[in-house]
Amino acid sequence: LVRPDGTVAYHDAETGVFFDRYVVPVLSHTELAGPRLRELCGEMNAQTNAQVWDFVPGALLAAAPLVDRRQVTGIFILAARCEQFALTPEVKALCARTGLDEVYLQQEAGAVASHDRDRVALALSFLLAMTADKLRLASMDSELTSLSLQLSNAYEELSLIEQISGGMRVNRSAAEFFRQACLDVMEVVSVRGMGVALSSDLYHQEPVLYGQLSLPPGHVQRLSQQLLTVLRESKNCLLINELGKDPNFRWMADQAHQLIALPLIRSDRVLGCLFGLDKSDGDFDSVDAKLLMSIANESSIYLENAMLFRDVHDLMMGLLHSLTSAVDAKDAYTCGHSERVAMLSCHLATQLKLSDQQVERIYMAGLLHDVGKIGVPESVLQKTGRLTPEEFEQMKKHPQAGARILDDVKQLEDIIPGVLHHHERYDGRGYPSGLAGKDIPLMGRIICLADCLDAMTSNRTYRKALPLEVALNEIRRCSGTQFDPELAEAFLTLTPDQFRALMNEQHGSGKRLLDMQTALRAA
């Protein structure tokens, strides 16, 4: 195989003395065959057919271009001993020039088959066809390998996007969503660190960085603020493979070398950003940017939906607080009762290690447990002294009235059991259904405890408030009869002072439930 410039790139070293010690050295000798060979190579192009020459005395040479993608990458030369080989003066002169014994050459030439021009040309055509097939197969194998790799990467990327999309529940906290998203991205992109920063005017969440990379205190906050400033102006992907050369992020060069950051944008507003540090295998490139941009777009949709959900949720909680305030306003002696019952119920649900969603629903049920009292005459609610049997029967209807009020609100149907059954007793002597034991819905059993504790420790028209210690002893005494013993045990884990702090906690209508849950878990 000869290069396009005429130099020998490769020859078969197993061809014996005639070719290896005579033909090849003559072809390689710049003064002997070099000029003519370079001239041959210069004349050949992709369309040139196979040609046969006798560059070397006593040998035939067939040559044809090796073509790849319409470009001549080399010249195939097939050498054969011609039938008329003899020790002519010219052959002897070449032996002298190359240091080859002429008698030894003649002996070796006798062991080599002779060929005419047609057979050499035919052999070369076969060689070219086989080589072209091998090159084609090698190219196809390379393309298949490349395609397989691309498909594998595309599958991983699509799976990642689908996985992140599947976690886009609006009631999922931003911290939980982005933590999982960052961990998932790190498995595909393979970076040392993946983080998220959200705009502080929209979210009360500190920027975080996940992965192996550990930054000094304050570096994550500083990097996040700087990224948000830059991305608010450009609103495009930021890709830096040499932090030490970038004036804005040179201060990070001792901690990381590469950075990629994508803005989280909705309605032309930057809500935050995703950022990755130090790719494990090479530099960040357009493929990484495209994948992370898809993740950023999905995350932006989640953020926007979460904002809308939060607004609707806060509106609903505000309306519920207003409704319970209206109920409590009918009876000056029970002002704040619904809020305290909701707080105590929420505490007990937290002690039972129920999910955040269950705790929230129990809190709402506690707020609305007495909503049915809207239908009870004020003369009964505010009566001084004990109620008559007829008046008590009117009062006993408020759980069912409350359930009917909520029955038309689809979003509140799951809290109706708490409203309807918060006056049931564990021994079956309660109302309105006379349920007993575990047949009473858990929500009802929880609110029953909270309601009774607050009722005992509040002033009523017919009696003074009991001391908290006395009320707690009464709950302990009635465990197993009026109250679920397991719930009573969990409820009484707080000390009287902790109960006082909990019952005095004031929550305005705009207070987020998550903050309230955090305070309870800390207690």
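What percentage of the 523 residues in the protein is buried? In this predicted model, buried residues make up 43% of them. The protein has 19 helices and 9 strands. Of the contacts with a separation of 6 or more, 63% are between residues 24 or more positions apart.

Two packed helices are described by the angle between their axes and the distance between the axes. Helix H9 covers residues 337-351 and helix H10 covers residues 356-368; their axes are 7 Å apart, and the two pack at an angle of about 155 degrees. Because angles over 145 degrees count as roughly antiparallel, H9 is roughly antiparallel to H10. The crossing of these two helices, H9 and H10, is right-handed. From H9, the contact draws on Ser 338, Glu 339, Val 341, Ala 342, Met 343, Ser 345, Cys 346, Ala 349 and Thr 350, while H10 supplies Val 359, Ile 362, Tyr 363, Gly 366 and Leu 367. By class, the residues of this contact between H9 and H10 are 9 nonpolar, 4 polar and 1 charged.

H9 also packs on helix H15. The axes of H9 and H15 come within 8 Å and cross at roughly 130 degrees, which makes H9 oblique to H15. Here too the crossing, that of H9 and H15, is right-handed. On the H9 side the contact involves His 337, Arg 340, Val 341, Leu 344, Ser 345 and Leu 348; on the H15 side it involves Ile 446, Ile 447, Leu 449, Ala 450, Asp 451, Leu 453, Asp 454 and Ala 455. The contact of H9 with H15 comprises 9 nonpolar, 2 polar and 3 charged residues. Val 341 and Ser 345 of H9 take part in the contact with H10 and also in the contact with H15.

The remaining pair is H10 and H15, the latter formed by residues 442-456; their axes come within 10 Å and cross at roughly 55 degrees. H10 and H15 are therefore oblique to each other, and H10 passes H15 in a right-handed crossing. Arg 361, Ile 362, Ala 365 and Gly 366 of H10 meet Met 443, Ile 446 and Ile 447 of H15. This contact of H10 with H15 divides into 5 nonpolar, 1 polar and 1 charged residues.

How many of the 13 residues of H10 are buried? The count is 10 of the 13, so H10 is largely enclosed by the rest of the structure. From first C-alpha to last, H10 reaches 19 Å, close to the 18 Å expected at 1.5 Å a residue. H15, with 15 residues, reaches 22 Å, close to the 21 Å expected on that basis. In H15, 14 of the 15 residues are buried, so this helix is also largely enclosed by the rest of the structure.

Ala 109 lies in helix H4, residues 102-110, and is buried, with a relative accessible area of 2%. Beyond its neighbours within four places in sequence, Ala 109 is in contact with Phe 18, Arg 81 and Phe 85. Leu 259 belongs to strand E8, residues 259-266, and is buried at a relative accessible area of 1%. Outside four places in sequence, the contacts of Leu 259 are Leu 227, Leu 238, Leu 239, Ile 240, Leu 243, Phe 249, Phe 275, Gly 276, Leu 277 and Phe 284.

Most residues other than glycine have a negative phi, and most peptide bonds are trans. Ser 190, which is not a glycine, has a positive phi of about 60 degrees; Ser 190 lies in the loop between helix H6 and strand E5 and is partly exposed, at 27% relative accessible area. Asp 268 has a positive phi of about 65 degrees, lies in the loop between E8 and strand E9, and counts as exposed at 60% relative accessibility. Finally, a cis peptide bond, with omega about 10 degrees, joins Tyr 431 and Pro 432. Pro 432 is found in the loop between helix H14 and H15.

Technical notes
Residues are numbered from 1 along each chain as its sequence is written. This is a predicted model: local features need pLDDT of at least 70, side-chain atom pairs count only at pLDDT 80 or more; totals for chains, interfaces and linings use all residues. Side-chain values use heavy atoms; hydrogens and water are left out. Axes are lines fitted to C-alpha atoms, for helices over the stretch in contact, and angles run from 0 to 180 degrees between N-to-C directions. Helices (H or I, at least four residues) and strands (E, at least two) are DSSP runs, numbered from the N terminus. Angles under 35 degrees count as roughly parallel, over 145 as roughly antiparallel, 65 to 115 as roughly perpendicular and the rest as oblique. A crossing is left-handed if the near helix is turned anticlockwise from the far one by less than a right angle, and right-handed if clockwise. Contact means heavy atoms within 4.5 Å. Ala, Val, Leu, Ile, Met, Phe, Trp, Tyr, Cys and Pro count as nonpolar, Asp, Glu, Lys and Arg as charged, and the others, Gly among them, as polar. The expected span of a helix is 1.5 Å times one less than its number of residues. Buried means under 20% relative accessible area, exposed over 50%, partly exposed in between (1.4 Å probe, protein chains only).
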